[in-house]
Amino acid sequence: MDEINNLMQGFSVAMTLPNLAYMLIGITLGILIGVLPGLGGANGIAILLPLTFSMNPTSAVIMLSCIYWGALFGGAITSILFNIPGEPWSVATTFDGYPMAQQGRAAQALTAAFTSSFVGALIAVALITFLAPLLAKFALRFGPAEYFAVQLLTFCSFVGMSKEPAAKVIASMMLGFALAAVGMDAVTGQLRMTFGFPELLKGFDFLIAVIGLFGIGEILLTMEEGLAFKGKSARLNLRVVLQTWKQLPQYWLTFLRSTAVGCWMGITPGGATPASFMSYGIARRMSKEPDSFGKGQIEGVLAPETAAHAAGTSALLPMLTLGIPGSPTAAVLLGGLMIWGLQPGPMLFVEHKDFVWGLIASMYLGNVVGLLVVLTTVPFWAAFLRIPFSVIAPVIVVICAVGAYTVHSSMFDVVMMLVFGVVGYLFKKLKYPMAPLVLALVLGDMAEASFRQSMLLSQGSLAIFWSNPLVGSIAGLAIVMLVWPLLSSFKRRSPKREAG
Amino acid sequence: MNLRSRVKALSSILIGFCALATWPAHAWEPTKPIEFVVPAGTGGGADQMARFLQGVVAKNKLSPQPIIVVNKSGGAGAEGFLDVKGDKGNGHKIVITLSNLFTTPLATGVPFNWRDLTPVSMLALDQFILWVNHDTAFKTTKDYLTAIKAQPDKAFKMGGTGSKQEDQIITVLMEKALGKKMIYIPLKGGGDVAVQLVGKHIDSTVNNPIEAESHWRSGALRPLCVMDKERLPYKGKLTTTQSWNDVPTCASAGLPVEYLMLRGIFMPPGVTPDQVKYYLDLFKKVRALPEWKDFMEKGAFKQTFMSGDEYFNWLGQNEQAHRVLMREAGFLAN
């Protein structure tokens, strides 16, 4: 087993005292970055990148990737406690995490979120360790048609799962698509729906939408409802952790499924955010009690967190082996590699063995360190719930505004965030779901681009989506997912008919 | 303290003030962090160069203030250019450009022209190489050209970055030289384009050397020809048998297409000559570093350096060339 030998060598590189210290610093910074909405892993790493130029490449990448792990862990904290996702990939975590917190089960939700993040990452790293060349080859089979099929599958596994009336879901999703269409049309190079406003050139960033809709929207709603967060104090002690852990093994199938979804979306590269939505949708589909989702079902926390972390981890694989980043954060790390004189791509594994295996070993260690750090710092985060709303709310608004500004260093985005905040408030009052809007905004322009690229390739024939077994089976699966609610409602109805 | 010593102290303070007051006139230096705008996404060629510059400047302590890279890629870079254009007189802002300096305003009609900015210097020119998958039968440019000519229109798929930008302009140039139409697929970034070629989803690309170099070394891609008047000067072996220098020019191989892309630095309008000089000197210092030489060689850049009038004239000519090319291709906004 070559891999085992290489990995052991990697551990000996990663296990030095300074490297472990960098890991700890990285994870802690990452959690902070993850907690602050808007200040994503990509921004965090971009800001800290210059500090690492004087370090040796292995230590530098270990610290930076640990920031990334930390951000993946940290995003869940505010989702669960305040219903405000710290990172876009924790939007799906709010669906059940926040209800759990409202029921006084914040500690269980946090433990579940962190543990599942850890499990997702661990399986993904194991895959990278042993199957990297195979996975890289698999990623190569993805052209525009395959990308579109995956994006279609994400939509299809998510639609129809909302409890809101279908018309409201569609309205929300269409608004998301409309917003996603603003800006430059990638295929013709023309500007669309910018109405001559230079501010609209870059389109609507879904990060801004998430911060506004969820962050500001939630604050507005809470102000109306009596100036207090409904979350109960989330005291996390060892007993709760162990109790939650005892429950988790029964969800082994959810873990496996979510990890598979996550790894796949990370490699192809769909990214952590679509992965978390898709995994949540599938978990609900496959559940025996789908109606309990959205009301504090622990599986609803496990599924998106596992998938997000697995996707975040495996997104590093195409970066290392092919030189294409699977996520914005990976893109910034890629820039870092170049500066340290390492050319990412197929030769990296051959020419810089020490570096690659040191990084992979640090993924194992970093996640263990990360789990320990988050589990021990949670009482600290949970203590925020005891701060009076009148103190914490302005702080959250300021953090949201700073976060929105950092995305593109633009004041216009801060104004947009406030507009989205009002939209979010109205959505909640009128009981429109926000998740379809966010999903459409995240995936809308990607899906449009890959659809139109496919149409260019096939010169307008839809048959391209069934042109080979890979794309055919993904597209087929997407359609099954789409009609599933019809099938299952039919199944549910038929016994009744027999009874009646 | 007696009177004399007081006068002495006072005069020395005065002299000190005078020195302070006149000193900035001799050399302007940044007093707060320098914003380095990249009018393109993270991970692309311009972004890599900007982040590399940020790194070497910090590492070699060439600037008293750090450089902060900011990506403003919206509207094919229009977001970044408009931002710099609107920041009149700000000496703490620079922007790196690629061909979208010319193509974006021409294709979209966004109110912007390079003359709205203050040119500082050209850093280098980026090359374009015609790449095919290693498994194809096209061993030389001639094989490739014969195959295209033997097929009907729109049988060959060319992948490239973005729409109505350098890659598509080159594709149109090739179409004209060949008398055959190709299908142009606009993809997201240069790295993405190369990987799509490795995965055989497209037939050829015109990637910059640095974007496809590692796939070449791993034996997945093959360079056919370089779109310049002369061969690349870099003779270090990259594969067992070949170096950049072994790639023939396209013109010599029967494909008369030439295209080079600007990697240059601009500042906002209305900055002082001292400020321009500061950055000019900064980049001259960077160009003398061994790290810069490695970077140039790794990316197989054309190491042309220009500033002042020479640079200004080059920009005017290059803009005109783009206008002509894009008008012929039907890419102009109006």
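The model is predicted, and local features are reported only at a pLDDT of at least 70 and side-chain atom pairs only at pLDDT 80 or more, whereas totals for chains, interfaces and linings use all residues. Residues are numbered from 1 along each chain as its sequence is written, and chains are lettered from A and ligands numbered from 1 in the order in which they are written.

Between the chains, 44 residues of chain B are in contact with 41 residues of chain A, two residues being in contact if their C-beta atoms, placed from the backbone, lie within 7 Å. On the side of chain B that touches chain A, at least two residues each are supplied by α2 (45-59), α3 (78-86), α4 (100-108), β7 (183-187), α7 (190-198) and α8 (209-217) of chain B, where helices (H or I, at least four residues) and strands (E, at least two) are DSSP runs numbered from the N terminus. The largest share of this side, eight residues, comes from α2(B). By class, this side holds 15 nonpolar, 17 polar and 12 charged residues; Ala, Val, Leu, Ile, Met, Phe, Trp, Tyr, Cys and Pro count as nonpolar, Asp, Glu, Lys and Arg as charged, and the others, Gly among them, as polar.

Chain B is assigned domain 1 (34-126 + 261-329) and domain 2 (129-246), with bounds from an automatic or database domain assignment. The centres of these two domains of chain B, taken over C-alpha atoms, are separated by 26 Å. In chain B, 19 residues of domain 1 are in contact with 17 residues of domain 2, and the elements giving two or more residues to the domain 1 side are α4, α10 (290-298) and α11 (308-329) of chain B.

In chain A, 13 of the 15 residues of α12(A) are buried, so this helix is largely enclosed by the rest of the structure; a residue is buried if 20 or more other C-beta atoms lie within 10 Å of its own, exposed if 12 or fewer, and partly exposed in between, with C-beta atoms placed from the backbone. The axes of α12(A) and helix α13 (residues 299-314) of chain A come within 8 Å and cross at roughly 145 degrees, axes being lines fitted to C-alpha atoms, for helices over the stretch in contact, and angles running from 0 to 180 degrees between N-to-C directions. The contact of α12(A) with α13(A) has 10 nonpolar, five polar and one charged residues. For helix α2 (residues 17-35) and helix α4 (residues 57-82) of chain A, the axes come within 6 Å and cross at roughly 35 degrees, and the contact of α2(A) with α4(A) divides into 21 nonpolar, 10 polar and no charged residues.
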